[in-house]
Amino acid sequence: MKRKKVIALTLAATMTFSLAACGGSDEGAAETPAATTDEGEAAEAPAAEEAAPETEAEAPAEAGVTYASINLGEDYKDLTTTIKFIHHKTDREEDGTMADLISNFNAVYPNITVETEGITDYQEDSLLRLSTGEWGDVMFIPAVDAAELPTYFVPYGTVSEMSELVNFADQWKNADMCYGVGYMGNAQGILYNKKVFADAGITELPKTPDEFIAALQAIKDNTDAIPLYTNYAAGWTMGGQWDAYLGAITTSDETWLNQKFVHTAEPFKDNGDGTGAYALYKILYDATAQGLIEDDYTTTDWEGCKPMINNGEIGTMVLGSWAIAQMKAAGDHPDDIGYMPFPITVNGKQYATAGPDYCYGINAKASEDNKTAAMVFVKWMVEESGWCDFEGGYPISKTAPTSFVFDGVNVVNNITALEGEEDLMNEMNAESELSFNAGGDAKVQRIVEAAATGAETFDDIMADWTAAWNAAQEECGIEVLY
């Protein structure tokens, strides 16, 4: 079991995202929404074993300087040191955005030199570096157990204190201390082209699975656009995206994903009312079976889809809100890019979850000067840099201005796991090999393949998932309560 639990850690994304208990979103997914741009594949098991050893966590590092105690622009302006920041945003290294951010930071803190490194295969590489300690001073926290946070990272302050300043302060918590602050947030909905919808005669955004499939059919019948672009070939756009809608979006229950899911006997049953996990994944199956996706799903192109939706060649894509900025920037029609709530309605209401993408973590082994400089740098990036808004992200800072708008939906959170159960989802994911919100691309690609070929019915797949889930519950010794 320990080995399988460790393997699960490498698959957990930023969510990302995903937005599960204590993991960051996977941008390759998140922006999957751990949130990319184009992230590398999930790490292999050996890397995970190296990165997340089964050792006792160290006591929390003493929080000398805290996030809340810093007055930006006033404190530590004479501090002279060099810090290093590793991250997954290779695109922002290449286009000069990161250099501009650092330049703006140095206009306020000229004596703090910030070296940055964008890493393509971030999930794997960051875990390897974490195990050696050779990664610098600030990183985006990869998939580690909550129990290990004090071993690797410095606390920013208590969760309650940080919750006054930032959203999602409990995403990376241990003993009521906050160890991670998001660089941007993600809300979960569907990206769409407004002009394509208008040309197809769609006057109201779909609110149920049946209405969404009908809208896709209208696009196919009345335009030349691809109704739903699956991005099958990219991989992370499958499990990394569709899994992100589990939980409160499909059930309205904020405790379902991280507290009830592992204890549920039949989480994939048909509720009969267009809600729940069954309804979520059936949208993809039905769209594929009815020819409402690209002609050849095996040849989809992640980079190529961006100008395609901008130019009206694609109607919809299932991606987190992190993708809005990328799609708008990919062509001459940014105003045609829209974002709508996921088409599931529970008791007359639509829901969207929001959570952080990757979160900044500060090295517990850094020198005291570097810890202080890193804390200043993180706070400036969150509150003053404007990076979150530039990326189109759901706001992290509760004080910084934001342009994010998501109307007609109830924004909720998937509440974190119960105390003592923080790692149950990792264990279930590994034992069942379904890896929800943890890199489970193959299981979602299976839905497309089955629907396209007729090899399996959707109910066959759901029955298979249920059998794997129940076997995992028994193997992990998890009590079935629902």
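This is a predicted model: local features need pLDDT of at least 70, side-chain atom pairs count only at pLDDT 80 or more; totals for chains, interfaces and linings use all residues.
Let me start with helix α18, residues 424-432, where nine of the nine residues are buried, so the helix is largely enclosed by the rest of the structure; buried here means under 20% relative accessible area, against over 50% for exposed and partly exposed in between, with a 1.4 Å probe and protein chains only. Helices are DSSP runs of H or I with at least four residues, strands are E runs of at least two, and both are numbered from the N terminus. Among the buried residues of α18 are Glu427 and Glu431, along with Leu424, Met425 and Met428, and just after the helix Glu433 takes a positive phi of about 65 degrees.

Residues are numbered from 1 along each chain as its sequence is written, and side-chain values use heavy atoms, with hydrogens and water left out.

For the chain as a whole, the secondary structure comes to 20 helices and 17 strands, and of the 482 residues 61% count as buried.

Turning to Asn231, which sits in the loop between β11 (226-228) and α10 (239-242), we find that Asn231 is buried, with a relative accessible area of 2%. Leaving aside neighbours within four places in sequence, Asn231 is in contact, meaning heavy atoms within 4.5 Å, with residues including Glu294, Asp301, Trp302 and Met317.

Finally, Asp460 lies in helix α20, residues 458-476, and is partly exposed, with a relative accessible area of 42%.
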